[in-house]
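Colleague: I would like to learn how to read a few features in a structure. Could we take them one at a time?

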Amino acid sequence: MRLIILLSLFFFLPQLAFSQSTDREKAVYALFDKPGKIKWLRHYKGRIDDLNDITMTLAYTGKHCRGVMVYLRSKQEFRLEGNIKDGLLSLKEIDPQGEVSGHIKAEITELHIVGEWSNFDYSIGGILDMHQVESEVIVPTYCGNNKWIYHYNGSLLGGDSELILQKESEERLRGILYYKTSQKTYYLQGDLDENNLFVLTIKDEHAQMKGTLTGSLVEAHTLNATFEAPNGQQGLATYKLSEEILVGCVEFADYMSSYDITYPKTQHRRFNDWMDRVTGEWVYACRAYVEEVQQLNPEPAPALRAKVRAYAWSDIELLSEEIISGFMTFSNTWSVGLRGQAFNFDLRSGREITLRDLFVEGFDHSRFLKDYLNENIDKHRLYRDAKYRQWLATAMFPHFTIHREGISFCTNFDATYGQQRITIPFSELSPYLHRSNPVRHLYQ
């Protein structure tokens with residue numbers, strides 16, 4: 001009798017578990033000829049390149065691993081099949097037409113999947129990072145949740161300084177350092193690891209290396225770091241958080257397309273309205289192009305997998321009670337190069353700041369800029385490159401941002417030299433600025 005009961009339980013319990021399963025879990029069970037051999041079924045949630053919110057439901061028999069991957073915003077589904085060997089997950093991504101449209105190679109544990117997603121011919125790839133969840137996820141998280149903009153004030157080498165630090169995708173850090181002693185703005189770039197340790201390189205506008213900041217960001221309210229100059233000089237940097245800016249975000253991904261834009265969200269309604277308009281226009285243009293491609297390809301094939309992509313991000317260069325200034329960068333796969341747009345906003349009046357608001361009538365800022373550039377070009381890291389000097393001689397500087405020490409003018413993005421900038425101090429520009437201009441509090 002005991003044997004009969006045990007045999008009954010052996011056959012009944014898998015059926016009971018199956019009957020209590022969700023539709024997604026049942027679909028995964030159905031991928032196996034003998035579902036009773038499944039050792040485990042797990043749900044994972046994460047992102048590709050920290051941009052596209054996805055979920056996976058995987059099951060494993062000890063020999064075969066199969067499951068389903070879903071883009072949470074578009075509800076685009078793919079079937080997965082492969083194996084696990086020595087902790088390494090190897091899966092083929094199968095599209096709705098039954099074609100191999102991608103590959104996943106990753107390390108897998110009960111709690112995490114970390115590796116890489118690639119399209120069918122490995123020409124496009126992205127970092128895959130997922131963690132186990134208790135049950136199937138159907139609602140995407142807000143794509144700005146793990147991104148931030150911190151505004152710090154503190155001391156570097158005993159001198160007052162200001163730090164704006166931004167965390168974007170894949171733990172990357174960018175930022176601005178204003179050092180009051182030298183009255184100059186410097187540019188930061190680096191990474192934040194899983195233990196909140198960071199290494200930031202510091203460069204000036206001439207791409208000259210000025211040092212590194214190495215430290216810990218265990219708590220957002222404090223930042224402690226060690227500064228080291230190229231000559232070996234070392235010192236301490238200590239900062240206190242003065243303001244946190246939320247990150248606005250729009251993202252979408254399906255079979256052939258993905259687009260993502262991040263931007264600052266402040267407590268100032270009119271600036272937010274202006275930023276919403278700019279980002280909305282970009283998102284509308286992306287959607288229009290995607291719809292055009294989809295109309296031409298109503299049944300997408302693996303050759304089109306993830307081919308239409310667009311990204312946009314912003315960098316704040318000045319943040320004060322009166323002004324927010326920075327630069328937005330737009331990139332996509334259907335246009336050549338990067339496109340940029342500066343933003344300079346007077347938070348008191350709720351208006352965008354233009355060159356007409358700054359300079360007296362009749363002042364030729366382009367001519368003044370070229371003269372100033374010719375006097376300072378020898379400071380640039382690429383000065384010895386004759387082709388660089390030749391390119392710079394004819395380059396235009398259509399964009400400007402406001403810094404604490406002056407106005408920074410920059411070029412469009414160049415395939416060889418990137419984006420170049422020159423900052424003219426207020427001490428040089430003050431004779432040509434309106435007496436009632438919106439930045440006068442920065443130099444008076």
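Modeller: Start with a list of contacts. This is a predicted model. Leaving aside neighbours within four places in sequence, His206 touches Asn376, Lys379, His380, Arg381 and Ile422.

Colleague: Where does His206 sit in the chain?

Modeller: His206 belongs to the loop that joins strand 13 (197–203) to strand 14 (209–216).

Colleague: Is His206 buried or exposed?

Modeller: The cut-off for buried is under 20% relative accessible area. His206 has 10% relative accessibility, so this residue counts as buried.

Colleague: Now a residue in a strand. Where is Arg47?

Modeller: Arg47 is part of strand 1, which covers residues 40–48. Its relative accessibility is 10%, and therefore Arg47 is also classed as buried.

Colleague: Which backbone oxygens does the side chain of Arg47 reach?

Modeller: One belongs to Tyr142, at 3.3 Å. Another is the backbone oxygen of Cys143, at 3.4 Å.

Colleague: What else is Arg47 in contact with?

Modeller: Neighbours within four places in sequence are again left aside. The contacts of Arg47 then include Asn52, Asp53, Ile54, Ile127, Leu128, Asp129, Thr141 and Glu251. Tyr142 and Cys143 are on that list too, as are Asn146 and Lys147.

Colleague: How many disulfides does a search of the whole structure find?

Modeller: The search finds one. The disulfide is formed by Cys143 and Cys249, whose sulfur atoms are 2.0 Å apart. Cys143 lies in the loop between strand 8 (125–133) and strand 9 (148–156), and Cys249 lies in strand 16 (residues 234–253), so the pair ties together parts that are 106 residues apart in sequence.

Colleague: What is the hand of the link between Cys143 and Cys249?

Modeller: The link is left-handed, with -125 degrees about the S-S bond.

Colleague: Are these two cysteines, Cys143 and Cys249, buried or exposed?

Modeller: Cys143 is buried, at a relative accessible area of 2%. Cys249 counts as buried as well, with 8% relative accessibility.

Colleague: What about Cys286, and which cysteine sulfur is nearest to it?

Modeller: Cys286 takes part in no disulfide, and the nearest cysteine sulfur is that of Cys249, 13 Å away. Cys286 has a relative accessible area of 2%, so this cysteine is buried.

Colleague: And is Cys65 buried or exposed?

Modeller: Cys65 is buried, with a relative accessible area of 0%.

Key: Residues numbered from 1 in each chain as written. Predicted model: local features only at pLDDT ≥ 70, side-chain atom pairs only at ≥ 80, totals over all residues. Heavy atoms only, no water. Helix = DSSP H or I, 4+ residues; strand = E, 2+ residues; numbered from the N terminus. Buried < 20%, exposed > 50% of the residue type's maximum accessible area, 1.4 Å probe, protein only. Polar contact = N/O pair within 3.5 Å; in protein donor to acceptor, adjacent residues only side chain to side chain. Contact = heavy atoms within 4.5 Å. Disulfide = S-S within 2.5 Å.
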